[in-house]
Amino acid sequence: MRNSIASVALSAAFALVLAVAAPSIAPAQEGDDDTAVSHFTLENGLEVVVIPDHRAPVATHMLWYKVGSADEEPGKSGIAHFFEHLMFKGTSTYPSGEFSAAIAAVGGSENAFTSYDYTAYYQQIAPSELPDMMRFEADRMRNLVLSEENIETERQVVLEERRQRTDNVPSSILSEELNATLYQNHPYGIPVIGWQQEIEGLTHDDLKSFYDRFYTPNNAVLVVAGDVNANQVRTMAEETYGEIARGPDLPSRARPMEPEQKTTRDVTFRDPRVTVPNMSINWYVPSARRAEKGEFEALAILSEVLGEGLRSRLYQDLVVKQGIASSAGSYLQGAAYDYSALVIYGEPRGEAELETVEAALVAQIDKIKSEGITQQELDTARTKILRDQIFMRDSQVRSANLFGAVLATGGKVEDITGLPERLDAVTVEAVQAVAKRYLDMGHAVKGYLLPEEGDRS
Amino acid sequence: MKQTSNFHPGAFMRSFLNAGALVALILIVVPAQAAVQIQDVTSQKGIDAWLVEDHSLPIITFQFSFKSGSAQDPEGKEGLANLMTGLFDEGAGDLDSDAFQLKLEELGAEMSFRTNSDEISGQVRMLAENSDEVLELVRLAVTSPRFDADPVERIRSQIAVGIRADERDPRKQGALKLSEALYGDHPYAHPDEGTLESLSGISPEDLKAFHARVFARSNLTIGVVGAIDAESLVSVLDTVFGDLPEEAELRPVADIEPKLDQEIRIDYPLPQATLQLVYPGVKRDDPEFFSAYLFNQILGGGVFSSRLFNEVREKRGLAYGASSYLHSRDHAQSLAIQTATSAERAGETLSVIDDVVASLRDEGPTEEELEVAKTYVIGSYAINNLDSSTAIARTLVGLQQDDLGIDYIERRADLINAVTLDDVKEIAKRLLSQEPALLVIGPAEQARNGG
């Protein structure tokens, strides 16, 4: 569906947006090499990335704005996402529906998504349609018409979206509140879709000033993947986006950061719909951008060894060996400007109690902190991450997402292309060190999804 | 339009002579620089596969499918096909579960299996450099899965946890109740994963017997994409699949018309009501298939300009999404409309849907709507079906299963353009003239008055 919220689903889909590249991705450079990824900046400040892929007659056109829910003013939660919806409502040049109709007329697909740090719009079309897509997309960067009527109708749609995705789903209710507890000061604790009463309170003026401030070429990244080459894309981009004047420089995205956390917190949601309980343990960790050199790569290896996949420690111990869990694992949240999160989770199986599962999860954390990992585990994890990146190159949308997310969160193309070397530099000691430093049970946030009290079905 | 300039007779002959295999090559040209060439490859043992050779990434994707699926589950052992699907990477040949998975991980390959009512399918992605070793694992998984007691119990209990987790989920329960209501005692009424009771009664012997019955060459379809040429594929096919029995022993599954004109309610105090309406559908080989496909596009298909999307969401803000789908399964067909709206507006939303349905049934779409639907449906094919190796491999299997012909992609636009406005009006009448089955999940008082 159009206007999905990227936050969790998207970052999980990208695996580690810390991101990594296939060895086959040559170092970024300008020029018209027909396979290498290119990166350049137009005079008005718009960054452009071109990822050639000549296997099928398809192109993916994505425009990323460096603004997401964490950039919202206090009390205006949901505005970045609400605005994403409004971008489909027509401009002074093209009335509402004309852009969508033009995409439909050539069999293209389109969508958009919002996360904490970015909002992105994309179309998949035949390469010959690219100039048109750029013309439309560039047009709505500047000429959007915001009518009161559209705002009110779309507000209802957004509220329905909130009901459908969050209020109707027990695990989503828990995860929203868990997040609000994990972050005590940083705006990542506020849901991307916004709190209901704040969505209801957003005004025309709020939306208009949001648009004027953030929707400028110098706050955007264009990613084009597919059956194209860099020179063509550059020419097209200059003739469309290039015509837009640079906006005022935006102040840096300085946000309220987390204080040192000193408490453990439990967040529990009980619901009669829940028959099998589950639990998670959550820690915030620095993002790739904020982490000290090598730390984020070590965290990625740590999560991989600990809980990603059937051969991971958590799965092998809890699910296969002890047989107390039906699922157990971990993940590291994706590309972000300030923080990521490392999460471990488990769900009991058969007669096992949730407490037993939790104790086993904690025991594995203790073990990895005290004993570290083996060189072989490190090597396997590294190979797996790099292999995943080769597979990722097989999908235009996933490749474009990777580059877009990294650049929109303050990263560089080299963060992606240089990953193999950075992973090579990770040592077993470094992995143990980040485990000790960040997986502290003294400030972990636990989330419990439980049946109603007294209900053990 | 077939383009022959990229045709390589040399490669063709080499494969033919060296492997004694039959290789036909078809070049699908879509208007752009890139093109997808489909080769029809047959091994010495007569195993057929479609191949799209592509060396731009060092990976190979295998997609294969056995016609069978949960509709083949023996009575009282519902969930068997699905349980079996979960066990193919849990030990095969002389490798137990641990050894098998370790090997798979070392090789950096991805292997996954899925089941639905009509098929059991597998997908394997591998790096080209170690494809021989990975394909040996595929051979073991497909021809000699072990079904050892430990993994059987583990996977069974994981599935059971899933079933229990769904027990009080109103949406899951709604979907189950709807299937039962539509299909009665037909196999399509039972969920792929079975029930706690039927699942508990499945033994390793049942799994072995089922595997021997449904994994054969006669019901196997294969699509391959990536860094492998026709010649190599020819020998691989016999190595991997050659030891399978010739003929599958499938039990006949009857065609069934879903029972419409009924209302299924799941009363639950939710902030939002989910609505689903089920109408008759069309078979994939129905001559009117494309008329129906275009009609569905106009009613509530993938684009943002469908009538349902416009009336329910864009104009009135009643829902986040409103859409329709054609389900053309092997033995039953339907057209389903779906949306979700705040509970107090469920009645209004239903009446908007009713109006959209009535107007399409009585007047049909406009000429302009049909034109837009045509260009969309023609243009979207490559984007939806050919934008990654896995998508292409799935498409290759689907085209063969539906018996559409290796030149289908070339012919498709003409088939679509041949549909007239009268055709679409006629199919709209045919599909929308019956009272639909209605599923309402939400607070009781919010459903349609009187059903």
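Q: Which helix gives the largest share of the lining of the second largest pocket?
A: That is helix α6 (residues 170-182) of chain A, which supplies nine residues of the lining. Helices here are DSSP runs of H or I with at least four residues, strands are runs of E with at least two, and both are numbered from the N terminus. This is a predicted model, in which local features need pLDDT of at least 70 and side-chain atom pairs count only at pLDDT 80 or more, while totals for chains, interfaces and linings use all residues. Residues are numbered from 1 along each chain as its sequence is written, chains are lettered from A and ligands numbered from 1 in the order in which they are written, and side-chain values use heavy atoms, without hydrogens or water.

Q: OK, and how many residues line that second largest pocket?
A: There are 50 of them, and A:Val169, A:Pro170, A:Ser171, A:Ser172 and A:Ser175 lie nearest the centre of the pocket. A pocket (on a 1 Å grid over the protein atoms alone) is an open set of points where a 1.4 Å probe fits, with protein on both sides within 12 Å along at least five of seven lines, and a lining residue has an atom within 4 Å of a point.

Q: Switching topic, how many residues does each chain bring to the contact?
A: Chain B brings 68 residues and chain A brings 66, where contact means heavy atoms within 4.5 Å.

Q: And what area do the two chains bury between them?
A: Chain A and chain B bury about 5700 Å², with 54% of that area on carbon and sulfur atoms; buried area is the accessible area (1.4 Å probe) that two parts lose on being put together, summed over both. On the chain B side, B:Arg168, B:Phe304 and B:Tyr320 lose the most area to chain A, together 15% of what that side buries.

Q: Is A:Val406 buried or exposed?
A: A:Val406 counts as buried because its relative accessibility is 6%, and buried means under 20% relative accessible area, exposed over 50% and partly exposed in between (1.4 Å probe, protein chains only). A:Val406 sits in helix α14 (residues 396-408) of chain A, and although 291 residues separate A:Val406 from A:Ser115 in sequence, their C-alpha atoms are 13 Å apart in space.

Q: What about B:Pro287, where does that one sit?
A: B:Pro287 belongs to the loop between β11 (272-280) and α10 (289-300) of chain B, and B:Pro287 counts as exposed because its relative accessibility is 75%. Between the C-alpha atoms of B:Pro287 and B:Ala71 there are 26 Å, with the two residues 216 apart along the chain.
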